[in-house]
Amino acid sequence: MKSERDAIKGLVLNIQRMSTEDGPGIRTTVFVKGCSLACAWCHNPESIPFERQIQWIETKCIGCRTCVKGCPQQALSDDAGVIALDRAACTLCGICVDECPALAMELLGTEWGVDELADEVEKDRSYFESSGGGVTISGGEPCMQPEFTAAFLRECTRRGLHTALDTCGLCRKEAFDAILPHADLVLYDIKEIDPVLHKRFTGSGNERMLENLKHVRDTIAKTGSKTKLWIRTPIIPNATARDENIAGIGAYIAENIAGAVERWELCAFNNLCRDKYRRLDLEWDFGAEALLGRETMEHLANVARHSGVDPVIVHWSGATKFISDDEQADNDAKAHMRLVKGC
Amino acid sequence: MCAASTAPAFKIKEPKNLSPRIQWLRDYYFVGARRAWNNEYSAWTTGTDWDVQFDEISYYIVPEMYAFNQTFRSSFRQSARVVTLHPDFWSWSLPERKAWFTKEVMVNCVPQELLPGDLIAGARFNLQASRCWSEKEAKARDALIYGTKGARAVMKWFHDHGYGNSGATSGHLVPGHERALTIGWKGIHADLEQKYKALSESDKKGRKGAQLRAMMTAATMPRDLAAKYAALCRKLSAKEKNAGRKSELEQMAKNLDRVPWEPAETLWEAVQALWINHMLIMSDENYPGPGVSFGRFDQYLLPYWKKSMADGMDRDFAKEILKCFWIHSNTAYDAMVQVGNQGITSGFGQLITLSGLGANGADMTNELTYAVLEVIDEMTPILEPKPNVRMHRNTPDELLDRLIDMVSSSQGAPFLLNFDERSMAGMMREAKRANVAHLINENNVHEYAPVGCLENTMVGNDRSGTVDNNLNLLKAVELALTGGKDLLEFVDPITGKRDPIRQDGPKTGDATKFSTWDEFWNAYVIHTKNIIRRCVEVYEASERIRAEFCPTPYLSCLVGGCAEKALDITQGGAELSFVTIEGVTFGTTVDSLLAIKYLVFDKKECTMAELIQALRDNWEGHDILQAKAKNRAPKYGRDDNEADAMALAVMDLWAEETWQYKTKSTNRQFRPGMLSWNYWVGDGYVMAASPDGRPKGQFLSNAICPSNGADINGPTANANSVGKVLGGTADGGAADWEGYLSNLPNGASHTITFNPSILRDPEHRKKFKAFLRGYAKNGGTALQINMIDADMLRDAQQHPQNYRHLLVRVTGYNAYFTAIGRELQDEIIARESHNRY
């Protein structure tokens with residue numbers, strides 16, 4: 001049995017323990033590699049390609065040039081302490097990664113078998129139990145590795161761990177048929193309600209995803225399963241952080257999936273991933289964006305609460321700009337004054 | 001740089017809800033060296049040429065003091081005032097002389113004073129009193145201290161060569177406060193008298209009789225001192241114009257007429273008695289508050305609290321009494337107030353214990369627990385007394401919510417969390433290993449309490465020498481690499497004198513010829529046993545001196561076993577009398593072993609000779625190998641089962657070996673623990689480079705914590721590793737206590753630093769609470785939570801004047817951030833902050 005399950009491999013980017021942002025309680029989140037979308041703001045750009053990638057982490061590099069000297073393809077070069085990778089020449093053989101003494105060369109994407117991955121996540125069982133947490137599979141897009149995701153969540157369920165699927169919804173419908181029976185919770189993204197903007201931001205329109213969302217709703221209803229549904233909306237400055245977008249998503253939820261949704265989370269953008277783009281030789285349009293203020297998040301949450309959904313399902317989370325208590329008090333006072341003036 | 005004009009960029013916790021009285025007392029305390037009143041050491045002599053006040057042995061575990069031993073001895077002797085001795089003084093035994101002298105000084109020489117508004121009497125107590133030695137005794141004792149074989153040279157050699165430090169130290173126990181409150185000193189005295197009468201005539205003339213007579217004298221010291229303070233209160237009351245204060249002073253006088261001699265009846269009496277009983281221990285030991293701990297404060301004071309509440313005492317006034325007690329506890333730091341609040345004065349550890357399990361798994365949280373937490377919250381930031389909250393599986397949500405509120409409004413937890421299940425498993429292990437199941441068993445193990453920082457002991461009958469031996473486990477790795485010699489020549493930093501490298505340990509062979517990991521491990525085993533034996537021997541040097549020359553008859557009255565055996569606590573009188581070896585550098589040791597195995601044997605990245613050369617060169621010119629050691633070799637603290645198996649093997653080995661020893665002079669059993677105080681910082685400059693990639697001069701790992709930066713898998717993984725190396729869990733009879741195992745009866749210091757955002761909203765606070773509950777299941781014996789923003793600490797380094805009250809916790813003792821050394825500051829900043837967005 002074990003070997004059979006372990007024969008199903010998934011390409012995993014990262015395992016994050018004590019995650020407090022991916023569902024209820026304390027969770028271990030497994031990020032798989034490869035995504036069906038390519039959001040312009042993506043916090044984990046390394047999770048988008050389905051192929052393994054090599055990256056150089058400048059801060060870890062000790063400048064020993066072991067990688068440059070050891071690359072059989074001569075794909076690496078050193079320009080005044082900056083290691084450059086000719087990605088066209090690189091065959092992902094991994095020699096530079098294996099030999100880098102400082103772990104500055106990193107191969108993104110590790111194959112994990114179902115059992116070994118379940119063993120790994122089970123280490124935090126005590127914390128799952130004390131917090132009502134569990135395992136979240138995220139990405140990338142886990143529904144793009146449906147066989148692995150289904151097998152992994154099934155194994156977690158068998159071990160009595162709470163399971164959550166974090167999905168953008170862009171995949172074949174059948175993927176949900178395979179995975180849903182083993183997920184206690186689905187975290188389903190609705191990023192942008194306007195299909196044109198959605199395509200501009202993510203590379204795909206949202207029609208298929210909204211359709212799949214209804215399929216998820218129907219499947220849960222039809223099978224009488226206890227799977228819960230949370231909607232998540234990333235709040236991105238100069239993109240999704242618009243009143244009409246939030247109102248539109250809210251209206252969609254209210255009209256189509258109102259009874260099925262337990263929670264709608266607005267997730268604040270963060271800019272902590274700037275370095276990730278650089279390491280992958282990518283440009284990032286959002287690099288210069290500052291963190292959102294609490295005020296903005298509160299405002300959008302308020303828009304959400306008035307969009308037709310049951311207001312109690314609306315939450316917001318994520319890091320906001322650091323402001324001192326004084327500033328906060330000041331802002332609160334200003335907000336209060338605006339309110340007074342508005343009257 | 002015009003630093004003074006810069007406003008603090010971050011707020012630090014401020015005290016709140018303080019009455020004008022407490023506000024004044026607190027502010028006055030923080031005036032520090034410029035105060036008109038203080039509790040500085042006063043020195044007192046018998047007037048002989050050979051007299052000694054300062055007992056350096058107590059400071060053998062404080063390497064910063066080594067250079068000053070002789071200076072302190074001389075300067076206290078010079079400043080000491082002569083006490084007119086009783087005509088028979090020199091005809092008495094040493095303990096009788098000591099008991100009489102301390103009493104005479106405290107009652108008749110040191111002035112009795114009361115600060116404005118104070119509700120608790122008992123002000124000056126920091127003494128450097130004569131050791132009361134006869135010339136013959138002084139010479140005999142000095143012969144054991146001085147010389148190349150003397151205790152001083154032996155312990156200094158031990159430290160200079162990187163083994164750690166060792167010395168018989170004061171405090172570090174929970175005295176029998178509950179008994180003293182319940183029966184009063186009158187009861188204690190009567191008991192002593194009865195035991196004395198029961199002695200045979202020859203015993204009366206001998207050592208036993210002398211000890212009991214000394215203890216009887218000591219037992220009257222609190223009575224006579226209280227009478228003096230009662231008189232002072234009456235004198236002040238007569239002059240007092242304010243009617244409210246006048247009646248307070250009259251009540252204080254009435255309290256002092258009764259306690260601590262008579263049993264306490266009200267809260268005010270009990271707190272008054274407790275304070276006098278406690279402060280006189282510090283006088284008796286000539287040492288301010290080193291882990292002289294209060295035990296389960298909210299349990300034994302509860303009846304008095306309840307009675308006073310029922311009698312109509314205003315709850316706020318009751319808290320006011322406690323707050324005065326808090327202020328008093330901090331005055332211990334005045335001992336060397338002119339020197340400033342640096343170094344050793346940052347960590348005295350008069351610990352109070354709150355909550356925890358009772359009999360039959362009951363939770364003992366009560367109304368006083370919450371009242372004390374309010375006091376702490378309102379007084380914070382303040383150093384003493386240090387609270388330790390005992391948590392367990394059934395800790396009520398209400399208490400945890402309260403604690404998390406306090407954590408989130410403070411810079412760190414203003415308390416340490418002790419975890420009952422793991423701690424009690426350790427105490428039960430101790431009972432089994434030392435055959436003391438009649439004293440520690442499942443019916444009473446819940447009565448344990450931590451002392452000092454987090455060291456678990458039983459209460460009222462236990463001295464376990466919890467900080468007396470601090471052994472660098474890493475030294476065994478060094479000796480295994482060299483076949484029993486120091487890797488580097490020791491050069492005295494002050495004199496420049498060189499110690500030639502010698503064969504100090506067993507000859508375990510040339511490590512460069514080892515062909516298997518097992519060969520190296522075997523050498524490591526031999527050297528671990530060797531360094532533990534050495535530590536025990538070094539300890540014996542000071543233990544026997546203390547036993548023979550340094551009685552503390554007053555403290556002995558408060559510790560069960562001493563009266564029964566007519567044996568001073570310094571001679572092993574306590575019913576439970578252990579000596580703890582605190583294993584230091586655990587993480588660095590494990591990581592070094594893992595690195596050797598990985599680099600030399602498993603991956604053959606280098607030869608043993610190359611690795612040893614790299615260490616001799618302090619890794620200079622070996623960057624690539626160092627990077628591999630740091631980055632590629634496995635590490636403890638990641639919940640990596642293979643690495644943690646090595647950690648468990650290291651733990652099992654040294655813990656088991658520690659149980660093999662007893663002191664020769666006092667027959668005290670050694671037991672293992674893990675506390676590193678600040679040695680992991682200072683000894684980082686003493687110990688050679690280590691195979692884990694650490695150069696000489698960089699810090700070692702702290703207590704049971706993973707090496708700095710090693711715990712890349714977050715706090716749950718970190719905690720799981722800690723739980724595993726303590727033994728983890730077991731079913732049924734295999735467990736030490738209800739499914740839990742523990743290798744370390746003393747407990748182990750574990751600190752995790754979190755970013756404050758983990759507590760940013762109620763949902764996250766709930767998750768944090770769940771983390772603590774998970775820790776109770778999987779983690780260690782104690783956890784210190786630091787909740788500090790690295791940016792705030794950097795700002796505090798730049799602008800210390802804005803952060804004078806910023807408390808951080810290090811190894812379970814807290815310290816003002818701006819008062820600790822730059823290296824330690826940097827270390828705290830460098831620590832992994834676990835919360836990532």
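The discussion below concerns a predicted model and takes up its chains, contacts and classifications in turn.

User: What makes Ser556(B) count as buried?

Analyst: A residue is buried if 20 or more other C-beta atoms lie within 10 Å of its own. Ser556(B) has 32 C-beta neighbours inside 10 Å, and therefore it counts as buried. This serine belongs to helix H19 of chain B, residues 553–557.

User: Which residues does Ser556(B) touch, leaving aside those up to four places away in sequence?

Analyst: The contacts of Ser556(B) are Met215(B), Cys562(B), Asp568(B), Ile569(B) and Gly573(B). The criterion is that C-beta atoms placed from the backbone lie within 7 Å. By contrast, His622(B) is 66 residues from Ser556(B) in sequence and 56 Å from it in space, C-alpha to C-alpha.

User: How do you know what share of the contacts in chain B with a separation of 6 or more joins residues 24 or more positions apart?

Analyst: Among contacts with a separation of 6 or more, residues 24 or more positions apart account for 78%.

User: What describes the arrangement of helices H10 and H12 of chain B?

Analyst: The axes of H10 (residues 267–285) and H12 (residues 302–310) of chain B come within 8 Å and cross at roughly 145°. Leu267(B), Trp268(B) and Ala270(B) of H10(B) meet Tyr304(B), Trp305(B) and Ser308(B) of H12(B). By class, this contact has 5 nonpolar residues, 1 polar and no charged.

User: How many residues of chain A are in contact with chain B, and of which classes are they?

Analyst: In chain A, 23 residues are in contact with 25 residues of chain B. Strand E1 (9–19) and helix H5 (125–131) of chain A are the elements giving two or more residues to the chain A side. H5(A) supplies the largest share, 4 residues. The classes on that side are 10 nonpolar, 9 polar and 4 charged.

User: What are the domains of chain A, and how many residues join them?

Analyst: Chain A is divided into domain 1 (2–49 + 110–342) and domain 2 (53–108). Contacts link 6 residues of domain 1 with 5 of domain 2 in chain A. The domain 1 side has 3 nonpolar, no polar and 3 charged residues.

Terms used. Residues are numbered from 1 along each chain as its sequence is written. Chains are lettered from A and ligands numbered from 1 in the order in which they are written. This is a predicted model: local features need pLDDT of at least 70, side-chain atom pairs count only at pLDDT 80 or more; totals for chains, interfaces and linings use all residues. Two residues are in contact if their C-beta atoms, placed from the backbone, lie within 7 Å. Axes are lines fitted to C-alpha atoms, for helices over the stretch in contact, and angles run from 0 to 180 degrees between N-to-C directions. Ala, Val, Leu, Ile, Met, Phe, Trp, Tyr, Cys and Pro count as nonpolar, Asp, Glu, Lys and Arg as charged, and the others, Gly among them, as polar. Domain bounds come from an automatic or database domain assignment. A residue is buried if 20 or more other C-beta atoms lie within 10 Å of its own, exposed if 12 or fewer, and partly exposed in between; C-beta atoms are placed from the backbone.
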